[in-house]
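This report walks through a structure shown below, beginning with the surroundings of one residue and widening to the whole chain. Please keep the sequence and the model at hand while reading.

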Amino acid sequence: MAPGDQSGRGGQRTTAPARPGGRTPWLRGSPAHRYYSVVVFIVLASLDNVAIGLVPPLYTAVSGAFAVPQRDIGYVTATSFLVSAVAAVGWAYVGDRTDRKPLLMIGTLIWAAGMAGSALAGSYQLFFAAQLVAAVGLGAVGSVGFSVVTDLISPRRRGLVMSFWGLSQGVGTLAGTLVGGILGATDWHRPFLVLAVAGVLATIAYFFTYDIRRGQSQPELAATLAAGGEYDYRISHSDLPRILGRRTNVWLVLQGLTAQFAFGSLVWLPALFSNRALAQGYSSATAIVVGSVFATLFQLGGVLSIVGGLVGDALQRRTARGRALVAAVGVLAAVPFYLVLFFVPLRVDVPDGAGAGAVVGAVLGSVFTEPTVGLSLLAAVLALGLTSANAPNWFALIADVNPPEHRGTVYSLGNLVNGVGRAAGNGLVGVAFTALRGAFPPPLNFAVGLAAFQLFFIPTGIMYWLASRTAPADIVGVHRLLERRGHQD
């Protein structure tokens, strides 16, 4: 590309050697190598969310081990969300300027070390500190990984592929809930140690992944990259006003505050179902498993994010407002189904004191034998399915309205606001449960508190509608910018 960007739209040039044209070696860069790389990315995205979902099912066990109230362990989770989000901004900015592969490896090793430290902690303070170390590493995987993944995906299929990226994170959170509840039912240290080992293995696997070129998914840059050129624009400090000047970015970032108030409260789902089991006379160990299995089962609606991504892609081809409108309708329509999920009476019949396998089997069987469980599952699938349209279309919109060198940073800014909202939602809903306890005895106080926090989806839907009004102009602007840069070669 020619020296200097004459577009007036930001982006700092760096000097990078042109890559020779021609065929890539059989292994490096081959379709098999690229497929392997995608699988590793999905596993990494899943594992870091296993770490996020690991602690909530263990609130009772960990608080008992350290002789602190459960809300204090909730503060650990809330603070970790915030620290991870702040760290992600730094990771993303560096990733938008330098080689992204080493950053992802370092970040994964840091959170693995934090998981090991959590298992070995002998006090509440050390456990808190280890979780914060893990949170710093987790910030790298989401923000830097997002930047890499968007360079693999063509604009036409962003919604679909990003639904798999988001789904892997959702599956990771579910797996964390399940692993924490089952492996940690009798020994809360065990799931942290298992996850630490998995993090080290994932880092080794990532070492052999394909080096993805920045901007390689953009049609406007295809000719330049095919000829051996490089997209050598990198973010600079002066780009921040331009990033915030794209109105769609503002709405995409701000919607996360209210959305994550609602999503952050949902990490207490295992506590709701555990308290329902305790109210029916089950022992603490059995109640933990029951709560974890129900919470996992009821979040399976998240797999419908694939549908949300497909619908977003299809509607986006008809109107540039498409993705934002799909997300807006999804989060608004989900609210009534969440209310049904929280308030339908849930009667469980499981063998108290039995092994985890027997309890899991009894819970799964109750879906077909207990009408209230079946109704709750249907409400959960619809609620989670509708809100899951948010994630893939949010990911895709960030890529659509920003050039490649800005995407990781914009994602991290959105993730920072998400982290603030999620931390606040996670922490404040715990305070709400305590405040409501006088008027609504457990587990009703959990149901009322969770229901109130889902109302934050309403302003979220409004902001997505506003984003649908500004997205078309921002998408056209990025398209023209990349065309100019591609033609400068």
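## Gln 218 and its surroundings

Leaving out residues up to four places away in sequence, Gln 218 touches Pro 155, Arg 158, Pro 404, Arg 407 and Leu 482, where contact means heavy atoms within 4.5 Å. Gln 218 sits in the loop between helix H7 (189-206) and helix H8 (222-226); helices (H or I, at least four residues) and strands (E, at least two) are DSSP runs, numbered from the N terminus. With a relative accessible area of 4%, Gln 218 is buried, a class that means under 20% relative accessible area, while exposed means over 50% and partly exposed lies in between (1.4 Å probe, protein chains only). The C-alpha atoms of Gln 218 and Ile 153 are separated by 8.3 Å, although the two residues are 65 apart along the chain.

## Basis of the model

This is a predicted model, in which local features need pLDDT of at least 70 and side-chain atom pairs count only at pLDDT 80 or more, whereas totals for chains, interfaces and linings use all residues. Residues are numbered from 1 along each chain as its sequence is written, and side-chain values use heavy atoms, with hydrogens and water left out.

## Overall form

The secondary structure of the protein comes to 20 helices and two strands. The radius of gyration of the protein is 23 Å, which agrees with the value near 23 Å that a compact globule of 489 residues would have; this radius is taken over C-alpha atoms, and the globule rule is 2.2 Å times the number of residues to the power 0.38. Along its principal axes, the C-alpha trace spans about 75 × 45 × 35 Å.

Of the 489 residues, 57% count as buried. Among contacts between residues at least 6 apart in sequence, 85% join residues at least 24 apart. The accessible surface of the protein comes to about 18,700 Å², and 70% of this surface belongs to carbon and sulfur atoms; accessible areas come from the Shrake-Rupley method with a 1.4 Å probe, and for residues only the protein chains shown count as cover.

## Salt bridges

How many salt bridges does the structure hold? There are three, a salt bridge being a side-chain nitrogen of Lys or Arg within 4 Å of a carboxyl oxygen of Asp or Glu. One of them pairs Arg 242 with Asp 239, and the closest N and O atoms are 3.3 Å apart. Arg 242 counts as partly exposed, at 34% relative accessibility, whereas Asp 239 is buried, with a relative accessible area of 0%.

The side chains of Asp 313 and Arg 323 meet in another salt bridge, at 2.6 Å from N to O. That pair links distant parts of the chain, with Asp 313 in helix H13 (residues 305-318) and Arg 323 in helix H14 (residues 322-343), ten residues apart. Arg 323 also forms a salt bridge with Asp 400, where the closest N and O atoms are 2.9 Å apart. This second pair likewise links distant parts of the chain, since Asp 400 lies in helix H17 (residues 390-400) and Arg 323 in helix H14, 77 residues apart. Through shared partners, salt bridges join Asp 313, Arg 323 and Asp 400 into one network. Both Asp 313 and Arg 323 are buried, and Asp 400 is buried as well.

Ala 119 lies in helix H4 (residues 100-120) and is buried, with a relative accessible area of 5%. Leaving aside neighbours within four places in sequence, Ala 119 is in contact with His 189, Phe 192 and Leu 193.

Helix H11 (residues 269-279) is mostly covered, as eight of its eleven residues are buried; among them are Leu 269, Leu 272, Phe 273 and Arg 276. H11 is followed by Gly 281, whose phi is positive, near 100°.

## Backbone details in loops

The peptide bond from Pro 442 to Pro 443 is cis, with omega near 5°, and Pro 443 lies in the loop between helix H18 (404-436) and helix H19 (444-453). In the loop between helix H2 (59-66) and helix H3 (70-95) is Ala 67, whose phi is near 55°, a positive value in a residue other than glycine. Ala 67 counts as exposed, at 70% relative accessibility.
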